[in-house]
Amino acid sequence: MGNEKQGAFMAHSVPCGARRTEAVKVQVEDDRTGMSVETLKRAIADNLYYLQGKSERFAAPHDYYMALSYTVRDRLIHRWIKSVEKYVLSDAKMVFYLSAEFLMGRQLRKNLVSAGCWESARTALGASGINLDELLEEEPDPGLGNGGLGRLAACFLDSLSTLAVPAVGYGIRYEFGIFEQRIENGWQVEAPDKWLRLGNPWEIPRPERTYEVKLGGHTECRRDEAGRLKVTWIPERTILGTPYDTLVPGFNTNTVNTLRLWSAGASRDFDFQVFNAGDYTRAVAEKTFSENISKVLYPNDNTTQGKELRLQQQYFFVSCSLQDILRFYTAEERDLRGLHEKAAVQLNDTHPAVAVAELMRLLIDEHALEWNTAWEITEKTFGYTNHTLLAEALERWPVALFGRLLPRHLEIIYEINRRFLDAVQAKFPGDTARLWRMSLIEEGAEKQVRMANLACVGSHAINGVAALHTELLKHDVLRDFAELWPDKFSNKTNGVTPRRFLLLSNPKLALLISEKIGRNWITDLAELKQLEALCDDVDFRRAWSAVKKENKEDLAEYIMQANGIAVNPASLFDIQVKRIHEYKRQLLFALYVITLYNRIKAYPHLKMVPRTFIIGGKAAPGYFMAKLIIKLINCVADVVNNDPDVEGRLKVVFLRNFSVTIGERVYPACDLSEQISTAGKEASGTGNMKFGLNGALTIGTLDGANIEIREAVGRENFFLFGLTFDEIAALRAAGYRPRDYYDQNLELRRALDTIAGGRFSPGEPNLFAPLVDALISHDEYMLLADYQSYIDCQKHVSAVYSDSETWTTMSILNTARMGYFSADRAIGEYCRDIWHAKPYPVEIENYRQEDAGLRAARRGK
């Protein structure tokens with residue numbers, strides 16, 4: 001499909017009503033909000049000249065990108081202000097979503113569509129010889145998240161706005177994102193993600209909403225006139241949190257919500273006396289310390305300093321956010337005892353769990369409420385979403401560190417714990433083991449504060465993010481809490497936004513679908529079910545295959561540009577893109593590649609379905625084994641791609657610096673989606689949903705949302721392999737011996753021996769010994785136990801792929817049956833069951849010239 005067709009589809013995806021125009025003979029438009037081509041031309045030119053300070057003669061492509069972005073932002077700001085006014089005047093209940101990560105992706109394309117000016121902007125630019133697609137590539141992709149957690153938060157904000165639910169997302173404005181991943185000699189090398197280097201047109205600073213955040217120091221106690229105990233926190237230092245607001249527009253609605261990100265600064269930037277004494281470094285030490293807090297996403301916490309900085313980050317954004325929420329609520333002089341009726345605060349995993357103690361501190365110390373009253377408000381206000389089954393991800397902080405940074409909060413946590421354990425003891429008398437497991441403080445050589453336990457105790461609702469995940473929380477990870485409070489627990493299976501991950505990222509498929517079933521699917525994904533009736537339509541299947549072919553050709557072109565590797569678009573695109581972690585089993589994927597390579601070397605004329613293996617993802621900087629897996633994959637790629645014996649049957653590609661933007665290239669082109677984590681380890685996954693929505697078939701285990709996806713798309717349309725959670729537990733109980741699998745399986749042994757023998761690391765035969773030794777000795781994630789099942793399942797994949805008509809039908813059915821996995825459905829369930837929030841549609845009046853001009857607001861007496 002050409003850009004013209006894509007543009008026409010984007011333009012028609014937003015109803016004309018969103019443009020706030022009427023069919024009149026003469027229409028006067030405001031240059032800030034007008035949608036006509038001529039108005040946009042003027043607006044872009046003005047923003048180029050007056051905001052970028054450039055004339056056309058000296059403007060670079062990035063200047064035009066900034067000018068266009070400001071133009072689009074102008075058209076959203078009016079809706080944004082009207083949304084806020086609607087919420088205030090309606091006394092609406094607000095949803096406040098606290099997350100350490102927000103992977104928003106590029107904004108310009110999405111906002112052009114949301115503003116309803118995609119085609120008019122393309123035309124306005126084209127009239128001046130400017131290519132919109134080239135400007136879209138000027139935008140950086142902020143790495144303000146590590147993976148699925150941050151992208152889920154972004155999807156949820158999109159859905160909240162689309163459903164017209166009043167909401168604010170709170171997080172950190174990291175100066176540098178997770179990191180820019182470079183590959184040097186096969187190794188991951190981290191470089192700063194300088195996403196703010198050339199400015200960010202989408203954010204609006206709000207320095208008037210700056211808050212103080214205390215750290216360190218000590219507490220002092222006294223009695224007030226009524227004899228009540230009062231605690232004062234005397235901090236060692238105070239830092240400032242300044243908010244930057246990003247507009248989050250909905251689709252086919254006037255609602256624009258807010259993402260508010262906090263930037264850290266010093267309460268005292270510069271010490272003149274120290275400077276004049278000649279100690280220039282110490283003169284700015286406070287500024288350096290404070291700004292470090294929002295400097296980078298997830299500092300390496302393998303060191304004490306890294307742990308301390310990470311805790312500082314979490315408390316910093318939580319404190320700023322809660323102070324902001326209370327300011328907003330008390331601005332109308334409302335009784336704080338009704339806070340939960342107007343504010344639902346959701347904790348996105350354990351990172352913001354310190355919010356429970358912070359809200360208690362604010363209510364008791366700053367607003368002078370009694371403990372019981374404050375606790376009732378706190379518990380009714382918070383909801384907690386758990387996103388992990390991994391023990392190391394259920395954060396714990398050393399008591400010594402916690403007390404040094406947050407002395408008042410440690411006191412509060414001890415008091416919460418005392419009262420909580422008294423209640424547990426009353427319900428389960430004599431069960432000291434239960435008390436030990438449920439305590440907010442983990443005893444041992446080094447006492448730890450258990451943040452997940454704190455979140456459970458301080459929230460009125462606890463939810464998992466897939467059916468299996470929630471059951472495992474209730475029966476394993478959080479079993480004691482589920483037995484104490486069964487009504488607190490519910491499942492809210494994750495979802496993804498179809499606007500970004502089908503409409504925007506796969507416009508060719510989106511157009512094909514809309515031509516057949518209309519456009520309602522964009523906001524009601526269940527409408528895709530209508531595609532099932534088209535599976536027997538030969539012409540439709542042919543068109544579906546043609547779209548997939550074009551998408552694969554586009555990805556092949558990108559791979560050539562990015563990696564210098566020529567891949568065959570007719571080959572099976574077998575893809576695994578996600579955070580690199582041992583439980584996600586990229587290493588099992590690599591073992592399959594090596595197995596096929598060994599077969600070719602043993603039988604040079606072996607016939608097989610040609611495959612292109614595509615892998616992408618980042619490893620945490622301090623995660624040695626994950627980084628070694630990346631090195632192995634790149635070494636395997638170097639050998640396989642340059643061996644003439646392979647003869648085009650295999651190609652291996654590692655896509656460096658995987659991001660939302662690269663994902664948008666990958667998902668539409670995928671044939672086979674690898675969702676192969678060890679059963680019982682993945683909470684949900686959302687990549688599986690994005691791939692399925694774009695017509696990829698899944699090979700996977702019964703883990704996370706794979707289970708629900710398999711049931712939805714049909715078991716016959718899902719390639720299942722591997723042990724179940726229960727089978728893994730039984731195997732471990734019986735005594736799992738991975739060496740037995742190595743000894744008894746010839747192809748597995750050859751694959752591991754090929755690695756251990758240095759075939760992929762000439763000159764360094766022991767380079768990958770840690771990987772091989774870990775598999776043979778203990779194999780924590782059961783790769784060897786699942787290996788043969790995986791190999792057999794891949795054989796079935798090849799057989800089905802050889803029948804193109806069957807494969808295409810399965811692809812159509814995967815897309816048609818993905819309606820349940822919409823973020824809109826998930827947010828609807830949160831609103832109904834946890835937040836008790838409802839939509840407040842926003843109405844926008846047409847522009848009237850007589851209303852233009854400056855007017856002072858009339859304030860009440």
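This is a short chat about a predicted model.

Reader: What kind of model is this, and what pLDDT do local features need?
Author: It is a predicted model: local features need pLDDT of at least 70, side-chain atom pairs count only at pLDDT 80 or more, and totals for chains, interfaces and linings use all residues. Residues are numbered from 1 along each chain as its sequence is written, and side-chain values use heavy atoms, with hydrogens and water left out.

Reader: Is Cys535 buried or exposed?
Author: Buried, at 5% relative accessibility. Cys793 also counts as buried, at 7%. Buried means under 20% relative accessible area, exposed over 50%, partly exposed in between (1.4 Å probe, protein chains only).

Reader: Switching to helix H33. What does it span?
Author: Helix H33 covers residues 783-801, 19 residues in total. From first C-alpha to last it reaches 25 Å, close to the 27 Å expected at 1.5 Å a residue. The expected span is 1.5 Å times one less than the number of residues. Helices (H or I, at least four residues) and strands (E, at least two) are DSSP runs, numbered from the N terminus.

Reader: Where is the kink in H33 centred?
Author: On Ser789, with a kink of about 25°. The bend is the angle between axes fitted to the seven residues ending at a residue and the seven starting there.

Reader: And what sits in the loop between H32 and H33?
Author: Met782 is found there; helix H32 is 769-777. Phi of Met782 is near 60°, positive in a residue other than glycine. Met782 is buried, at 0% relative accessible area.

Reader: Which residues touch the most other members of the largest nonpolar core?
Author: Leu68, Phe402, Trp521, Leu531 and Trp835, out of 206 residues. A nonpolar core is a set of buried Ala, Val, Leu, Ile, Met, Phe, Trp, Tyr and Cys residues joined through side-chain atoms within 4.5 Å.

Reader: What does Leu531 touch?
Author: Not counting residues up to four places away in sequence, its contacts (heavy atoms within 4.5 Å) include Ile513, Phe540, Trp544 and Ile812.
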